[in-house]
Structure formats: structure tokens, C-alpha cells
Amino acid sequence: MKDNDFFVILNGFFVIFKKLILLISLLILGACGGSGGDDSPSDKSSDTSSTTDTISTENSPFSLALSEIVNKTISEKKWHYYKLETPEDILLNISLEQLTGDLDLYVKQNGIPTKYDYDCRSNNSFNRSEKCLQRLKNGAVHYIAVAAQDDSSYQLKAELDEIITSKVTLLLHGLASNADTWDNLIGDDSFYAGSCLELNMGDEIELLPQVNSQRESCFRLNFGGYDRDINVSTPGLEGKTCLEASNCNGDYTHFEYLGKEVESAIASIVKRLGIDTEIVLLGHSRGGLAARAYLQSQGSQYKEYVKALVTTGTPHKGSPLGRFYRYMEENCIPKSSYENDGGICEDNWEVIKMLAGLRWYKDDFMIDLLVPSIDFLSPESNEISKLNENLVSLENIKISELSYQGTQFGILAKNATGLLKDGDYDLYNYGEFLGGDHPHPSTLSYIESGVSRASLIGDGIVPVYSQKLSNLLIPQGRNVDKSFYSNENKVLHTEQTSKVTDLYTVFESVRSQIGWSE
């Protein structure tokens, strides 16, 4: 063999070797999809094996219209892109159906979605259907990406779903009470037929309560989330704190933080039910003040979901009973020096013990007169004054009030058992034989603060003038939307949450005002 022949043969081998290297490189590049490790392309064309000759790319997506049905095929590792324009205030349903392989769905507003950047993704396994459901308040341009894990055909459709509003009532209890106070209302068929979910601050809602016949849900809040927080709670008389008691139920918490508990409950409800949620707040007694503290705070969130506020027995201007706390603080502390002084303070300390259930008195109504909330409810308290300074935030909400004006101030219980003589418990029956303990008349004069007992008629604790939020709003150029009142004799403050017929009348009016009856 000549030397020239040898070099010719060797050169041939080099040519073949180079072609083999090129072929292997192409095969490797094809197997990786040319994506550099990311299935989502950034500057290349998508699959062209569709039912049309149009090429879908990130820069030139297919056009998609609402309710249009698109049938296409796509190759493994490829992406198809679509552009969709939508109107405002809609529930958008984008679906992939009739899959013959494993596909993933990505959706993004005003930008191309990628594997790691999207507003909605549906990536069920194998050939299950994929769906993205989005609630949109504003009109937008949407970009849709179909990513293929397998060779597959698919049917793509974007359509509008019906927006279903979740109608919710949140019940707020008062002082010396808890969420159980609403049992009679909840159990009535005209309301919730026994289904109402109890919430504590910070609860995450998993199982929802059953809706009633009018498709409304009920939640009831137990206050007390801040009572044991030493940074924000307040001690009572004799330094009493919630750490010394159980079931404090918000009685050691300022109104501002009761409002934050309302906000927490509403946040949990909206998070679980979605942005198409409308809420009515029903507050009894101090629960109505907690609702106001939430609604009137500039920093509160989720207020747009609250459509109406209903208060019953709420001391919007305070309760004279709150002055008892201040009298004790100024005249009868410390307890060890005054509880057996044989005079005014001894009488008052015996009342405190009796109403706490520590001295012959047994009734459904128990109240701890040592807790700071008693002081907060005084007409002269900073809590009441601060709350009534800012009423502007109540302008954009429907307000209804339910008041009672047939009970003398000071009647706290009817047919109270455990007294040596059964009957009504009236703070003014001082010296009554076998009638329990009562404040000294001079203490009652301090509580009245220069007005007559007759002028304080209402529900036994809250005078009717204080139950009416309208008395605060009218001087501000606003009124409540509906005012209801009852002259029924001896409806006590503690009975108002069980006045189902009265509450039903109010709620029917509220439903009509906010469109729930339609």
C-alpha cells in the first residue's frame, strides 16, 4: 500500500467519526427537548403538530375566545400558548378535557406563564382533566399554556361560571356570656336549624356548617383570644386577671382588641368561602361594641365583606351599672379592709360574691363585677368615649337596632333560685327580708349619677336610650336604616338572644335591604 492510499483511508475514518459525533449530539439534544433543563421554553417555537398550520409561541400565542372550543394535538415536552381577553367581575373556568396523555395547564394574567411563574396551575396525573377556576374583579388579558408530558390530544375551553355568593351571619356575644347564648336562635328552624360553627380567634375553618333553607351559613365567635395576653389585657379589681379564672370570654380585653377578634373571624370565613362572601354581624350587648370597634378602625381589613350590622341590647352610650366598678375602686379597696366593715362596702362585697354564685344565688345569669369590662361599659369610660368619637366608618353599611324598653333598671333576674325567697332579683330591694344581697342605696345613687331610676328604663342593665345607635348617628347627619323596639314587660338583658321572633323580624328586614331575599 502506498503512503498516499494510507492517508486517504485515514482521512475517511476521520470524516465518518465526525459524522457519528454530530449524529449523537443531535440525538441527545432531541431527547432533552432543547430546553436546557426547563420544560418551559423561553425563545423557541412550540409544537406545530396541531390541527392548523398556525405556530403557537410565547410571542405569538393562539387566540382564544370565551366559550370557544379548541381541539388540538401536542407532542411530548412541547408547549402550546393561548391569549384570552375577559370582562370584569367574572368567575373564569378554563378546562382541558378529552386528554389522551398527561398534560398540565398554566394560566397567568398579563404575562406568559412558565413552569414556575403562574396564577393558576392544574397538574393532575396521567390523562385526568385539568381545570383552573379564577374569580376576577377586573377585566384582564390571560395567557394560557398547555404543557405536554406525553403525546396527547386535548380539548380546551374557557367559559364563565355562575358566581355564587356565600351568605354568612356572624354572632357576637356580650359580657359575662359566651357563644352558647345563641343556642335558642340557632336551633330555631326559621334561622339555622341547629347548625352554626363556633370560632375562636385564629381558628382555621375546615368543615363548613350546613346552610339553612335560605342558603345562609352561621358562625358564632367566642371572645377571649387576648384575655391572657399580658401585653394587652387589663387586670380587674384587686388585680384580678384572666389567669385566675376560666372562660374569660373577652371580659379582660379592650374594645379595640375585641374588634381584632372579629376581624380574625371574618378573615377565616373569607379565606374558606372566597371573595364572594357577604356577612351580617349580629352583636348582643358588648358584642355590638366589638363589631363597631372592628368596623370603625381605619386599619381593619375585610370590611368590604360586611354588608350589615345588627345590634340588640348594645350599650352604645354605656351602662350605669359600669359605675359600680368605679365606686368600688374609689371606696372599697382593698377587699381585706372593707369586706367586713359592717357598712356600705360590706354590702357591696356581698353583692359581688352573690352575683358570682358564691353566696346563695343560683341563676342562669352570673356576672363577675370584678372584671375590667364592667368599668369599660361605664358611660364615662375612655372605651365608650373613644368608640363614639369616630362614627364615619359606619356610613357604608346597613345598620339595624333592636331595643327593649319595658324593664326597670336594676332587675337582673326573674324567678332566681337559690335565694331564700324565690323571685326577681332587683338591685334596689335593699333590706328585703330573705331576698339576697343588695348594694347600699348610696351606691345606687352613685350609679344613677343624678338621674332617676325611671329614666333608666330599658332591659334592666342598658337603658333604652343607650341601646339606640340612632341617638349617636342622628347628630352626625346619619340614621340607622331600621329601628325596632319592644315594650314587652320585663324582657331582661340576658334574654334578648332568645327572642327569636323579634330577631327574625329584624333579619327579614336586613335580608331585604342587602338583597338576600332576591
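Tutor: A helix axis is a line fitted to C-alpha atoms over the stretch in contact, and the angle between two axes runs from 0 to 180 degrees between N-to-C directions. Please keep in mind that this is a predicted model.

Student: How is a pair of packed helices described?

Tutor: Two packed helices are described by the angle between their axes and by the distance between those axes. Here, helix α5 (residues 323-331) packs against helix α10 (residues 441-448) with the axes 9 Å apart and at an angle of about 125°. Angles from 65 to 115 count as roughly perpendicular and those over 145 as roughly antiparallel, so α5 is oblique to α10.

Student: Which residues of α5 and α10 make the contact, and what is the hand of the crossing?

Tutor: On α5 the contact is made by R323, F324, R326, Y327 and E330, and on α10 by S442, T443, Y446, I447 and E448. The crossing of α5 with α10 is right-handed.

Student: At what angle does α5 cross helix α7?

Tutor: Helix α7 (residues 344-355) and α5 cross at roughly 135°, and their axes come within 11 Å. That angle makes α5 oblique to α7. The crossing of α5 and α7 is left-handed. Its contact involves F324, Y327, M328 and N331 of α5, together with I344, C345, N348, W349 and I352 of α7. F324 and Y327 are also listed for α5 in its contact with α10.

Student: Which residues have the most contacts inside the largest nonpolar core?

Tutor: The general idea is that nonpolar side chains tend to be buried together in soluble globular proteins. In this model the largest nonpolar core has 71 residues, and those with the most contacts inside it are L170, F255, V262, I266, I279 and L281. Helix α3 (residues 255-273) gives this core its largest share, 7 residues. Apart from that core lies another of 23 residues, including I74, L99, L136 and L156.

Student: What does I279 touch?

Tutor: Beyond residues up to four places away in sequence, I279 touches V168, L170, I266, I269, V270, Y305, V306, K307, A308 and W516. Of these, L170 and I266 are also named among the residues with the most contacts inside the core.

Student: Is P463 buried or exposed, and where is it found?

Tutor: P463 is found in the loop between α10 and α11 (464-467). A residue counts as buried when its relative accessible area is under 20%; P463 is therefore buried, with a relative accessibility of 0%. Leaving aside neighbours within four places in sequence, P463 is in contact with G318, P320, L456, I457 and G458. P463 and P320 are 143 residues apart in sequence, yet their C-alpha atoms are 8.3 Å apart.

Student: How does one read P379, and in which loop is it found?

Tutor: P379 is found in the loop between α8 (372-376) and α9 (382-387). Its relative accessible area is 21%, so P379 is partly exposed. With neighbours within four places in sequence set aside, P379 is in contact with K317, G318, S319, P320, R323 and I384. G318 and P320 are contacts of P463 as well. The C-alpha atoms of P379 and S466 are separated by 9.3 Å, although these residues are 87 apart along the chain.

Student: How many helices and strands has the protein chain, and what share of its residues is buried?

Tutor: The protein chain has 13 helices and 18 strands. Of its 518 residues, 49% count as buried. The chain exposes about 24500 Å², of which carbon and sulfur atoms supply 48%. Among its contacts with a separation of 6 or more, 72% are between residues 24 or more positions apart.

Definitions and conventions:
Residues are numbered from 1 along each chain as its sequence is written. This is a predicted model: local features need pLDDT of at least 70, side-chain atom pairs count only at pLDDT 80 or more; totals for chains, interfaces and linings use all residues. Side-chain values use heavy atoms; hydrogens and water are left out. A nonpolar core is a set of buried Ala, Val, Leu, Ile, Met, Phe, Trp, Tyr and Cys residues joined through side-chain atoms within 4.5 Å. Buried means under 20% relative accessible area, exposed over 50%, partly exposed in between (1.4 Å probe, protein chains only). Helices (H or I, at least four residues) and strands (E, at least two) are DSSP runs, numbered from the N terminus. Contact means heavy atoms within 4.5 Å. Accessible areas come from the Shrake-Rupley method with a 1.4 Å probe; for residues, only the protein chains shown count as cover. Angles under 35 degrees count as roughly parallel, over 145 as roughly antiparallel, 65 to 115 as roughly perpendicular and the rest as oblique. A crossing is left-handed if the near helix is turned anticlockwise from the far one by less than a right angle, and right-handed if clockwise.
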